[in-house]
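Please open the model in a viewer and keep the selection tool at hand.

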Amino acid sequence: MHRSALRGLTVAAVATALVVGSPLAATAAGYPSDTDKPDLVSLLNGYDQYWTSSGTNDLHGTVLDPATLAKNDQLTSWINQHATTAQQRKALQDSEYQNATNTAYDQSMTVSQGLGPALEKIYVEGRISGKLPLTSALVNSSNGTSGAYVSTGTAKAHYSYPRPYLPGTTTATLPATDDQTGCAPSKVNASSLAANRAGKAWASADGTLDITRVPATTDTSHEFSPNDVVLDAGYGTAGICTGGSFPSGHTTTAYQAGITLATLVPELAPELLARASEAGNDRIVLGVHYPLDIMGGRIDGEAALAARWSDAQYRTEVLEPARKELVSYLEQQCGDTLANCIAHEAAYSDDPYGGAAMPGGSAQVVSDRASAAAVYRERMTYGFAATGKTGLAPSVPTGASNLLLTAFPTLTDAQRTAVLAQTEIASGYPLDQSGSAAGSWERLDLAAATSATVAVSADGTATVLATGGTAHVVTGVLTAPQGTTVAAGGSLALAGTGFTPGASLRIVLHSDPVTVGTLTVAADGSVSGSVRIPAGTPAGAHTIDAVDASGASTLVAPLAITVTPAAGGTGTDGSGTGGSTVDPGTGVHLPVVSG
């Protein structure tokens with residue numbers, strides 16, 4: 001639906017269409033993926049082992065896995081009860097969709113906080129001012145061709161699971177602010193779950209989950225819109241209370257926007273993905289969704305964007321021009337290259353529960369890239385126990401590799417698939433479809449994959465060396481021309497190729513790690529020299545690698561070496577010939593040179 005048509009709708013009509021999982025999406029003209037959309041019911045059919053609906057979309061059904069659904073309840077109540085006031089406000093912001101008069105905002109604005117404070121302001125200004133038309137048409141969560149690409153309406157009706165805040169009895173009294181007609185407990189309730197909640201610490205005696213409703217407020221910050229915007233979770237809106245909980249439509253659109261931005265700006269993909277996961281988690285903060293709903297929404301978003309990136313015509317005519325537009329605008333407004341802008345940018349951060357750790361998990365505090373990736377991974381499973389087969393081989397869905405096209409443009413499709421296979425989580429968690437023809441979207445850890453260091457061997461095999469850093473492909477090769485066995489305290493001759501001319505390489509011995517020397521790259525990209533293995537190094541298997549001068553970026557695949565006992569003298573860290581001390585700037589051990 002085009003924006004001109006959207007203006008003619010009432011706010012209520014827009015809200016109802018969106019909250020029940022039917023975004024008012026504009027349809028791109030003539031692209032294969034327009035009509036070949038993922039079948040969400042099929043992608044999410046693992047949910048059928050926990051609950052089966054009555055088949056009439058009345059929020060009634062039968063509990064099939066009491067333990068998993070009880071865990072679902074426990075986590076929902078805890079998250080809702082422990083969210084900070086600041087997080088509740090962010091949750092209300094994340095619940096917004098653009099209204100009929102285009103005076104509000106949607107998740108394609110709020111998830112941009114993953115860019116960091118400065119770049120987010122530039123991005124939002126560009127969206128509001130109309131200076132990013134291609135990006136807006138693509139990513140908008142209300143009508144974008146990728147941001148609102150798939151609808152959860154059919155899946156919600158199929159699974160028809162009652163929302164967390166609904167009463168467990170038909171005779172409950174609703175808050176005065178709720179719509180007594182459309183959401184009357186006699187018509188809309190969670191009575192099918194009451195027996196499973198009986199006696200639980202997180203529910204009342206009548207089977208109502210302990211949920212605090214977050215009151216409506218007005219956003220006067222103008223962070224995402226030049227206007228004051230009323231924020232309302234919509235508990236009393238018939239479209240929400242009668243709409244099935246699984247999967248989360250808001251989370252689906254949050255991930256569609258977040259993954260789209262992560263592919264347009266892959267340099268900040270882990271942070272943008274973590275912010276999308278926060279938007280999904282905020283639906284639990286409001287008490288309108290459960291963790292399983294959020295996991296389902298993430299799967300929806302992954303499959304949706306993979307379909308778009310796998311459509312060559314859409315990719316070249318829509319995605320790539322939008323990427324060029326956005327990167328150019330960010331650089332122009334920042335006044336430097338994107339890499340330099342990011343280097344001087346404060347990191348996206350979040351502390352949703354004021355430092356309190358959720359049951360079976362962490363406090364989900366985000367302060368840097370490593371913690372963003374860790375929180376993203378935690379929210380992939382929310383600590384649920386395995387409900388399917390464990391120990392299965394990687395199961396990467398067809399087309400998923402195209403989500404890494406911008407992060408790893410020099411890798412082949414097979415190599416990008418290998419990166420996803422090596423970074424995905426274990427099998428068996430809820431909604432995992434490992435071994436099926438569709439593969440497992442649940443296991444894809446895009447935050448890890450988009451922060452991977454990848455080495456490509458001579459035969460083309462791609463190996464993930466590390467995650468949590470800057471996505472890059474290792475080009476250097478390190479060898480030991482005089483052999484890989486060396487005595488502790490002795491010298492190891494090294495040679496290498498494929499490095500940046502003139503660069504300074506730090507040679508690191510693992511697993512401490514200990515920096516054992518520095519080598520300078522020649523004009524032809526080669527390097528040669530010797531490093532000394534500290535005399536106190538334990539005998540046995542070790543590895544040597546090369547990192548850049550800062551120590552932040554690995555440049556080679558690890559070289560396996562064997563250390564034998566020292567011929568004489570021992571030496572220990574910080575004392576004696578061959579020992580080491582700690583570099584106060586990096587925390588890495590450095591060799592002590594005797595003189």
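**A guided tour of selected sites**

Begin by selecting strand S11, residues 504-510, which is mostly covered, since 5 of its 7 residues are buried. Buried means under 20% relative accessible area, exposed means over 50%, and partly exposed lies in between, with a 1.4 Å probe and protein chains only. Strands (E, at least two residues) and helices (H or I, at least four) are DSSP runs numbered from the N terminus. The model is predicted: local features need pLDDT of at least 70 and side-chain atom pairs count only at pLDDT 80 or more, whereas totals for chains, interfaces and linings use all residues. Residues are numbered from 1 along each chain as its sequence is written, and side-chain values use heavy atoms, with hydrogens and water left out.

S11 and S12 run antiparallel and are joined by 6 bridges; two strands pair if DSSP finds at least two bridges between them. The two strands form a hairpin, with 3 residues between them. To locate one of the bridges, select Leu-505, whose partner in S12 is Leu-519.

Which strand pairs with S11 over 5 bridges? Select S14, residues 540-547, which pairs with S11 in the antiparallel sense. Here Arg-506 has Val-547 of S14 as its bridge partner.

Now move to the loop between strand S1 (51-53) and strand S2 (61-63), and select Asn-57. Asn-57 is not a glycine, yet its phi is positive, at about 55 degrees. Its relative accessible area of 37% makes Asn-57 partly exposed. Leu-59 is found in the loop between S1 and S2, and its phi is positive too, near 65 degrees. Is Leu-59 buried or exposed? Leu-59 is buried, with a relative accessible area of 3%. Most residues other than glycine have a negative phi, and most peptide bonds are trans.

The next stop concerns a peptide bond. Select Phe-246 and Pro-247, which are joined by a cis peptide bond with omega of about -10 degrees. Pro-247 lies in the loop between helix H12 (238-241) and helix H13 (249-264).

Finally, continue into helix H13 and select Ala-254. Ala-254 is buried, at 0% relative accessibility. Not counting residues up to four places away in sequence, Ala-254 touches Gln-107, Val-111, Ala-276 and Ala-279, where contact means heavy atoms within 4.5 Å.
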